[in-house]
Amino acid sequence: MASRAGGTLHPVSSRPATTATKIATRSQERARNLLSLATALSRSVTPDDVADAMFAEGLRALGADAGWLALVAESDDGALVFRMIRSSGYDRETENRYRLIEPQSGRPLSDAILFRRLVLVESRADWDARYPGQFAAVIEPAGYEALAALPVVVGDRALAGLVFTFRGPRIFDDDARTYLETIGQLCAQALDRARAFDAERRERERTQIVLGAIADACVAIDTEFRLTYLNERAAELLGKPIGTMVGTRMWAALPGVDDAEFGRLLRDAMATRRATEYETYVAQIERWLAVRAFPSEDGGLVVFLQDITRGRRARDASEFLVEASRVLASSLDYETTLQNLSSAAVPRIADWCSIDMLQSPGDRSWPPTLRRVALTHQNPQRVALVERLRERVRTDWSSPSGLPRVLREGVSEYTPDITDEIRRATATSDEHLEMLRELALSSVIIVPLAARGRLLGALTVCMAESQRRYEMSDLVIVEELARRAGTAIDNALLYNDALDAQRTAVLAAERTRRLQRLTAIMARALSEREVLDIIVEQAIVAVGAQAGIVMLLSGDGTTLRPARSVGYPREALAALQEIPADAPYPVREALRGEPVFLATAEEWNARYAPPVWKFSAKHAAAVLPLDGGGQPFGALSIRFAESHEFEADEREFLVALAQQCGQALERAHLLTAERAARTEAEDANRAKMEFLATMSHELRTPLNAIGGYAELIEMGVRGPVTALQRHDLQRIQRSQEQLLSLINDVLNFAKLEAGKVEFNTRAVDVRETVDALEPLLAPQLAAKQLTLQSVDRATTVRAIADEDKLRQVLLNLLSNAVKFTPDGGQIILSCAHDESQVYVRVQDTGIGIPTQYLGRIFDPFVQLERRLTNVVSGTGLGLAISRDLARAMGGDVTVESAPGSGSTFTVALKKAE
Ligand code: ADP
């Protein structure tokens with residue numbers, strides 16, 4: 001029960017204060033009371049606290065003996081009721097009576113609340129006048145008399161009512177009314193505030209229960225970005241206890257986030273007061289978040305956060321793998337492809353990406369020779385830093401980790417968290433450590449690139465400034481990426497190999513073709529000069545050289561001279577005029593039969609005296625022996641303007657080329673020599689023939705004179721001739737005839753050989769010609785009792801011939817047959833022909849000719865040994881002349897014979913149409 005000390009409403013029984021002092025004292029007392037009430041109310045937070053304060057302070061301020069406080073409420077069925085929540089100074093029965101009152105006008109509390117006015121009842125008389133019957137029924141039995149009922153009203157909302165009762169009568173003057181109204185207003189405001197606060201608190205509690213129950217993280221932030229609420233899930237996600245975060249600014253809870261996309265978008269949502277939705281990576285917590293921010297009534301934001309890291313990574317990864325596959329399939333130039341791949345990886349799966357390739361794929365030699373084909377970072381200056389680092393730092397190939405290990409063991413390496421400790425262990429110098437710290441790599445994955453069991457290189461991805469850390473799932477992705485890249489590289493390499501093989505084949509075919517063409521051209525060359533021209537104009541040009549020279553040994557083999565050159569200036573040729581064969585130049589080796597290939601000027605200078613003429617600073621040279629199958633007689637020197645690596649097949653080609661050149665030169669050389677010899681022989685023969693012709697001609701005149709005078713004497717013109725003398729004269733005449741015939745033969749042959757015999761060829765009836773011969777031979781045949789038989793007489797066949805010359809040939813053959821056939825033998829003359837030729841045969845049953853002589857009897861002046869033939873006469877020119885004549889008519893004379901079984905000479909002639 002509230003205290004009654006310090007009652008301020010004066011009892012009716014006491015005299016009203018009339019003095020100013022009394023009034024002032026009372027006013028001061030009331031002001032103190034109001035202040036005390038206000039203080040107590042302001043300290044009260046909940047409606048309950050306010051109820052306590054307003055009731056207790058009200059009783060005290062009024063000096064009331066009893067009272068109650070009723071709240072305006074609604075009953076279950078919606079009707080207005082007054083529910084007593086505080087009371088003091090009443091017995092249980094009275095309290096029970098007032099616990100729940102239905103509003104009823106004509107009762108002080110109901111009137112006060114319903115009409116929002118003070119109801120003051122001062123005395124029993126007052127009761128009876130205003131509320132007849134109530135004093136006796138209710139007030140008096142409780143032991144009270146005066147009553148004050150105060151409505152607690154805010155605006156037009158009645159919140160509660162306060163009733164204070166006094167034991168005796170009271171007078172409520174205007175001051176007292178004002179005092180009471182003020183008390184009522186203070187209480188009303190306090191109660192209203194407390195209720196509003198309470199409602200809000202309840203609402204908040206309710207919301208928090210809802211928010212706390214949802215699966216998504218949820219935070220509420222006020223206009224200052226202070227976190228006013230977080231659910232458990234949010235605390236979990238942000239990684240700090242709720243208690244440490246509520247009340248702190250978002251930026252303090254997640255340092256750096258205000259600059260990130262997450263912070264920027266939150267500020268936008270706050271400023272625009274519009275709901276927004278986005279996905280972003282929040283580096284501070286290394287998560288991908290789906291963010292939904294809604295403006296809240298208090299001007300702040302309610303933000304729902306969903307952790308989508310797993311899905312996002314998986315999506316990123318699969319998107320990246322699709323993109324990577326596209327990049328990998330885009331080109332067969334694998335270096336460009338790998339650079340594109342590296343670019344695609346940054347920043348999607350890495351801040352850094354680098355790709356190192358083994359110089360030769362599959363090569364497991366240690367340490368490996370690597371080529372960095374790609375290094376990517378979004379900032380080119382960072383790339384430059386790393387390149388500097390690489391230049392300065394020597395790789396420790398024995399390192400048990402990192403790239404050396406990946407390449408050595410062919411396994412992936414996954415370092416999710418690079419600590420400073422790791423950096424210190426890796427660094428090879430203070431400078432290196434400093435640079436590693438500067439790079440601030442946070443996480444790294446290195447995977448080998450391989451295909452079909454062949455190690456090709458390694459792929460490295462690193463995280464740095466994005467502060468992300470790799471997880472096992474990333475390793476799986478990078479390994480998959482490496483697998484695809486390995487296959488793509490392998491395909492590209494295979495394709496390149498195929499291209500190379502094809503190129504080599506085409507080149508080889510082209511070279512063979514060139515070589516064949518050169519051989520063909522050189523085969524037609526008749527002189528050394530022509531061959532040399534072909535060598536410099538075709539061969540040297542064909543191999544893509546800029547200059548070339550053929551150096552040939554002098555006759556004594558001690559010096560070399562330029563024979564032909566292309567691309568050499570005059571002064572260079574002057575300097576090369578007399579080079580000793582053993583001078584320290586590559587030709588020295590070439591003269592020993594060894595080809596020399598010099599890829600660069602340095603190589604030349606390291607092995608030989610500086611070149612007489614410096615072709616170019618980077619010249620390459622091939623110096624090749626020239627030989628015709630034996631000892632080299634010179635060298636072919638080919639010069640290239642640029643350094644030039646001579647591949648095995650090119651070396652083979654050049655050596656083959658030089659061989660062709662050497663053989664062509666040798667052949668041309670022999671051809672020239674042979675032609676000179678032949679001309680010489682021909683000249684000698686011609687001189688001999690001319691001599692013979694002249695001599696025979698000159699001999700005929702005196703011989704004719706000898707014959708003529710012998711005949712005159714024998715005819716007895718000079719006087720009588722004895723029988724003996726006649727006999728001698730006849731011998732002289734026979735010898736003269738024989739000699740003349742000899743000389744005629746020689747003259748004929750000489751004329752024939754000199755080409756001075758004219759032929760009058762036409763279609764000749766061979767049978768007629770043969771028939772005409774018989775009478776001419778009759779005396780000789782008769783002398784030796786030989787028979788001449790002509791066969792195939794019926795055949796009429798015409799041959800292309802000069803009739804006189806044909807007769808001469810046949811007479812010759814028939815004379816020989818007679819000459820070399822013993823008495824009583826037989827000679828057969830026959831004609832035959834085929835489609836193109838006519839054959840006239842002279843067959844005898846004579847002594848025949850030994851096989852070894854058959855080839856020689858047509859040569860001039862050849863006669864078989866007298867011993868064999870037993871025949872004296874003859875010059876050995878008959879057959880030579882006969883064959884020359886037959887050949888001159890387009891025919892020939894051939895022989896078949898064997899000793900003892902006769903000989904058959906055949907004259908073949910062209911058949912006339
Ligand atoms: P010649 O008869 O003036 O000696 P030829 O040139 O006519 O010169 O003949 C060359 C040689 O061929 C003869 O010396 C002879 O040894 C041989 N010969 C030519 N015809 C016959 C033949 N019918 N039977 C055998 N030997 C022959």
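Which of the 21 residues around the ligand come nearest? In this predicted model, local features need pLDDT of at least 70 and side-chain atom pairs count only at pLDDT 80 or more, whereas totals for chains, interfaces and linings use all residues. Residues are numbered from 1 along each chain as its sequence is written, and side-chain values use heavy atoms, with hydrogens and water left out.

Asn816, Asp844, Gln863, Thr875 and Leu879 come nearest among the 21 residues around the ligand, a residue being near a molecule if one of its heavy atoms lies within 4 Å of it. By class, the shell comprises 10 nonpolar, nine polar and two charged residues; Ala, Val, Leu, Ile, Met, Phe, Trp, Tyr, Cys and Pro count as nonpolar, Asp, Glu, Lys and Arg as charged, and the others, Gly among them, as polar.

Polar contacts are pairs of N or O atoms within 3.5 Å; within protein, one must be able to donate a hydrogen and the other to accept it, and residues adjacent in sequence count only if both atoms are side-chain atoms. The side chain of Asn816 places an N or O atom 2.8 Å from a ligand oxygen. A backbone N or O atom of Gly878 lies 3.2 Å from an oxygen atom of the ligand, and a polar backbone atom of Leu879 is 2.8 Å from a ligand oxygen. The protein buries 97% of the 530 Å² that the ligand exposes when taken alone (Shrake-Rupley method, 1.4 Å probe; for residues, only the protein chains shown count as cover). Two or more residues of the shell come from each of α26 (803-819), α29 (878-888) and β29 (903-910), and α26 gives the most, with three residues. Helices (H or I, at least four residues) and strands (E, at least two) are DSSP runs numbered from the N terminus.

The structure holds 45 salt bridges, each defined as a side-chain nitrogen of Lys or Arg within 4 Å of a carboxyl oxygen of Asp or Glu. Glu803 is paired with Arg762, with the closest N and O atoms 2.6 Å apart. This pair links distant parts of the chain, as Glu803 is in helix α26 and Arg762 in strand β23 (residues 762-765), 41 residues apart. Glu803 is partly exposed at 22% relative accessibility, as is Arg762 at 42% (buried, under 20% relative accessible area; exposed, over 50%; partly exposed, in between; 1.4 Å probe, protein chains only).

A salt bridge also joins Arg26 and Asp173 (3.6 Å, N to O). Because Arg26 lies in helix α1 (residues 20-43) and Asp173 in the loop between β6 (157-166) and α7 (174-213), the pair ties together parts 147 residues apart in sequence.
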